[in-house]
Amino acid sequence: MKYGQNMSRRDFIRISSLFLAGAAAMPVIPAGILSGMGSRPEGKTDGKIVYSFCEHCFWRCGIAVHVSDGKVTKITGSEHHPLSNGRLCPRGAGGTGLLYDPDRLAHPLVRETRGGRQQYRKASWDEAVTIVAEKLYKIHGEYGPGAIAMLHHGFGVSFFKKMLSEIGVNKIAKPSYDLCCGPARQASVLTYGYPSDTPEGFDIMNSKYMIFFGTHFGENMHNTAVQEISEAIRRGAKIAVFDPRYSTLAGKAEHWLPIKPATDIAMMQALMHVLISENIYDKPFVDQYTVGFGELWDSVREMTPEKAAEITDVPAEAIRTVAREYAFHAPAAFVHSGRRTNWYGDALQRIRAIHILNALVGNFRMPGGVVAFQKFPLPQPPAAHEHPAYEKEAYSKYPFFPQDEPSNTIASHEIVQQAIAGEIKALLIYGVNLPETMTLGRQAALDALQKLDFSVAVDVLPSEVTGYVDVVLPECTYLERYDDLDNGRAFRTPFVALRQPAVKPMFETKPGSEIARMITDKWGLHGVFAPTVEAGLDKKLKLAGSSLEEIKKKGVLVMPATDLYRKPGEPLNLKTPSGKVELASAQLKAGGFDAVPKYMPHPEAPRDYYRMLTGRKPMLTFGRTANNRFLGDLASARENEVWVNTAVASKHSLTNGEYVHLKNQAGVVSEFPVKVKVTERIRQDAVYMVHGFGHSSKQLTWAYKRGASHNQLISRTDIDPAMGAVGFQNNFVTFVKEA
Amino acid sequence: MSNRKNYGMIIDTRVCVGCSACVYACKSENAVPEGFCRDWVVQETSGSFPALSMENRSERCQHCDNAPCVTYCPTGASHYDEYGTVQINRSRCTGCKACMAACPYDARYVHPEGFIDKCTLCRHRLEKGLETACVSICPTRSLNLVDFNNMTPDSRALTSGKEVYRQKEHAGTEPRLFWISARNKPGA
């Protein structure tokens with residue numbers, strides 16, 4: 001293992017297969033689902049149905065889990081849940097592949113050194129939890145709560161947040177925020193005064209014209225959004241896609257504009273230029289409801305379609321066509337803010353530009369435009385326990401990082417850097433496979449893991465990170481546990497959803513609710529959590545006039561649809577400083593940043609190198625599904641490919657289907673080779689590979705060595721100076737043929 | 001109304017994103033062995049950069065009205081049923097593969113237990129008045145189950161005014177899968 005050589009203190013441990021589920025998982029697998037001997041008579045899958053919600057991505061669709069003889073036989077979309085609407089994406093249907101994964105963590109593990117060699121040994125829950133409680137308590141006492149941090153990904157983390165808040169620890173980060181949704185959230189706050197959420201606030205179903213920049217619905221199976229895009233297509237909506245790659249969504253588009261990567265803001269400025277200079281923007285809306293129009297026009301006056309064409313490689317006439325069609329269909333038209341938004345460290349400004357394009361056509365709270373979905377108002381019970389106030393200085397150093405989310409107080413890369421610098425001594429890692437997470441690339445993650453005094457991972461699978469910690473606590477999967485109520489999603493019909501176990505926890509795994517309680521009990525903090533997780537849920541639901549018993553039936557409580565649209569002349573009363581839509585942001589200006597988005601050039605590829613773009617496959621969600629044999633069974637899911645334009649392939653003598661290593665601009669060579677896909681579907685200045693492959697942990701027996709790791713090839717990151725998100729598309733690769 | 005049923009599908013490729021939810025739903029529902037599938041997804045791109053076009057399709061047995069697999073099956077294992085679908089009687093199947101050679105759509109595979117297997121159009125669900133597993137999971141509603149002997153106004157509306165095709169019609173198989181082409185303009 002190349003990157004394992006410099007380790008002095010904490011060796012990477014290959015968890016012995018004795019400590020994993022292994023053969024123990026196999027007998028409980030329903031015959032035929034994984035065993036390859038599918039002789040089960042058809043139609044026996046419809047047993048008891050348990051309604052819950054999915055954990056295979058952040059969208060959290062409602063699922064109907066079919067259980068026969070104590071085994072999950074299939075998972076379908078819940079007909080009661082507004083986000084799934086009876087339908088489900090492949091990942092949701094593939095939950096059995098996680099539940100019955102023979103590589104699952106089965107026992108608590110503790111690192112020990114024996115005969116000079118570091119290894120894990122099986123520990124009882126009491127012993128493992130005692131070590132965690134003692135180490136955290138000691139570090140807390142010695143260095144204060146600021147020396148403890150948590151990285152998390154997944155809905156079950158709420159109990160650990162509460163646990164840490166009890167000792168005043170609030171250095172809590174979710175890498176997904178920095179890579180994915182963060183810039184869109186903060187751009188919405190700065191422009192409209194409220195955060196955009198999931199599903200993003202667009203009235204897709206009723207739209208007549210949708211513009212997408214680089215986001216690729218259909219390859220990211222955000223169920224509700226994909227359902228609504230399909231409905232819009234059936235109703236005759238037109239789509240324009242700006243993307244260097246001919247994505248599946250581009251395949252649905254009236255216009256595919258293969259934009260030169262990293263030039264999106266120039267394109268958006270040119271679209272604004274056309275809207276304003278041709279006087280086809282919504283002047284009454286802009287006059288009445290926005291501020292900063294003059295400043296905006298000054299900033300885009302020079303960005304003519306001709307100038308933008310030189311920068312973006314999209315013809316000026318095509319730019320005019322899209323702008324005119326967009327204005328023609330407005331207000332039932334929008335530019336979507338997308339997902340996995342941070343590309344070059346300027347995503348806050350890019351998404352601001354998207355919201356300005358929306359505001360210019362007056363689509364705010366109009367049918368088919370930008371809308372503000374509502375959340376289910378769930379009253380929170382009063383705190384059962386006094387705990388120390390948060391240490392405010394723990395918040396992110398980035399001025400436009402959110403200040404209002406206790407679950408997300410600091411950027412994940414700040415935690416990685418603070419760990420490397422020795423400021424953070426102890427790290428709790430919940431569901432984040434740090435070495436393969438796009439936070440600062442693999443090497444920084446490993447450096448951070450080496451420097452810590454103490455680390456604990458709560459996980460389901462022996463992902464890479466579990467080899468670098470001191471204690472591994474095996475959580476049961478989302479199909480085996482209760483979690484907190486989900487009222488975090490705003491949608492057309494506000495709802496609160498329940499996660500409930502379909503089957504009992506397997507092996508020695510435990511739900512997060514129990515693990516967190518065991519740790520707080522060790523600290524002597526009794527009564528932090530309700531006596532049982534069920535009692536806690538019931539108490540919350542009773543405050544909302546329902547009960548656990550009631551919500552268990554359908555897995556969700558749904559309110560009637562809210563009125564999404566504004567009336568003529570209705571005041572907007574936005575929570576921005578001006579109370580209006582901020583085309584120019586006074587807050588950004590006061591913080592020393594551009595009040596209106598401005599295009600800035602990004603680095604270009606060295607000769608014979610190509611910009612590395614990334615995305616996903618519809619049946620996979622990176623680490624959550626990498627080892628899922630059921631989902632991995634299709635040929636299209638088994639490995640990632642590097643997409644190479646036909647002309648580039650010819651220049652480098654690459655043939656379709658051959659395997660090459662990739663080398664980045666810093667000289668890092670991919671650990672494993674990757675299959676070449678020669679295609680017309682990508683520009684000549686970029687290559688594309690799906691993230692989440694090329695796992696180096698041999699314990700992930702399915703994922704190991706499949707494809708190449710995108711994360712390993714990230715050597716350069718660009719951090720958004722305003723809100724701290726991490727961009728990583730200024731990495732370039734070339735091809736190394738196998739000797 | 002006809003008493004005899006003739007089930008098939010109308011598949012709207014304009015909205016299909018090729019996500020393969022249909023494939024996984026089928027594998028769970030029908031316990032399809034690892035490494036095999038009864039339905040599959042095709043993503044077809046044509047043209048050259050930047051003038052490209054794409055069609056995504058979820059494919060399976062076409063439940064032909066004039067099915068070569070039934071004609072060429074020496075044991076009568078492959079047969080038509082009262083739903084207008086083509087089924088395989090496993091106890092009669094010898095695994096001789098004559099049907100596989102005859103099928104123009106490559107819809108069949110040899111099950112590890114020795115018989116030939118393929119899409120049943122979830123006959124066990126049709127019996128209960130349910131849609132097939134693939135139709136009921138499809139997030140884009142690209143897949144539509146249709147009784148061609150008893151077309152509803154909704155199923156007629158699916159194809160009206162649109163470019164619709166069937167695969168390998170020249171083979172004379174009278175397939176019961178109809179495809180709404182991705183070439184249709186928005187709002188067709």
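In this predicted model, helix α7 (residues 264-277) of chain A and helix α11 (residues 316-329) of chain A cross at roughly 60°, and their axes come within 9 Å. On the α7(A) side, the contact is made by Ala270(A), Leu271(A), Val274(A) and Leu275(A); on the α11(A) side, Ile319(A), Arg320(A), Val322(A), Ala323(A) and Ala327(A) take part. Sorted by class, these residues comprise 8 nonpolar, no polar and 1 charged.

Helix α7(A) has another partner to look at. With helix α12 (residues 347-360) of chain A, α7(A) packs at an angle of about 20°, the two axes lying 10 Å apart. Because angles under 35 degrees count as roughly parallel, α7(A) is described as roughly parallel to α12(A). Here the crossing is left-handed. From α7(A), the residues Asp264(A), Ile265(A), Met268(A), Gln269(A), Leu271(A), Met272(A) and Leu275(A) meet Gln349(A), Arg350(A), Ala353(A), Ile354(A), Ile356(A), Leu357(A) and Leu360(A) from α12(A). This contact brings together 10 nonpolar, 2 polar and 2 charged residues. Leu271(A) and Leu275(A) take part here and also in the contact with α11(A).

Stepping back to the whole chain, the domain assignment of chain A gives domain 1 (195-372) and domain 2 (610-737). The centres of these domains of chain A, taken over C-alpha atoms, are separated by 28 Å. Where the two meet, 19 residues of domain 1 of chain A are in contact with 23 residues of domain 2 of chain A. The side of domain 1 of chain A that touches domain 2 of chain A has 10 nonpolar, 5 polar and 4 charged residues.

Technical notes:
Residues numbered from 1 in each chain as written. Chains lettered and ligands numbered in written order. Predicted model: local features only at pLDDT ≥ 70, side-chain atom pairs only at ≥ 80, totals over all residues. Domains from an automatic or database assignment. Contact = placed C-beta atoms within 7 Å. Nonpolar A, V, L, I, M, F, W, Y, C, P; charged D, E, K, R; others polar. Axes fitted to C-alpha atoms, helices over the stretch in contact; angles between N-to-C directions. Helix = DSSP H or I, 4+ residues; strand = E, 2+ residues; numbered from the N terminus. Parallel < 35°, antiparallel > 145°, perpendicular 65-115°, else oblique. Left-handed = near helix turned anticlockwise from the far one by under 90°.
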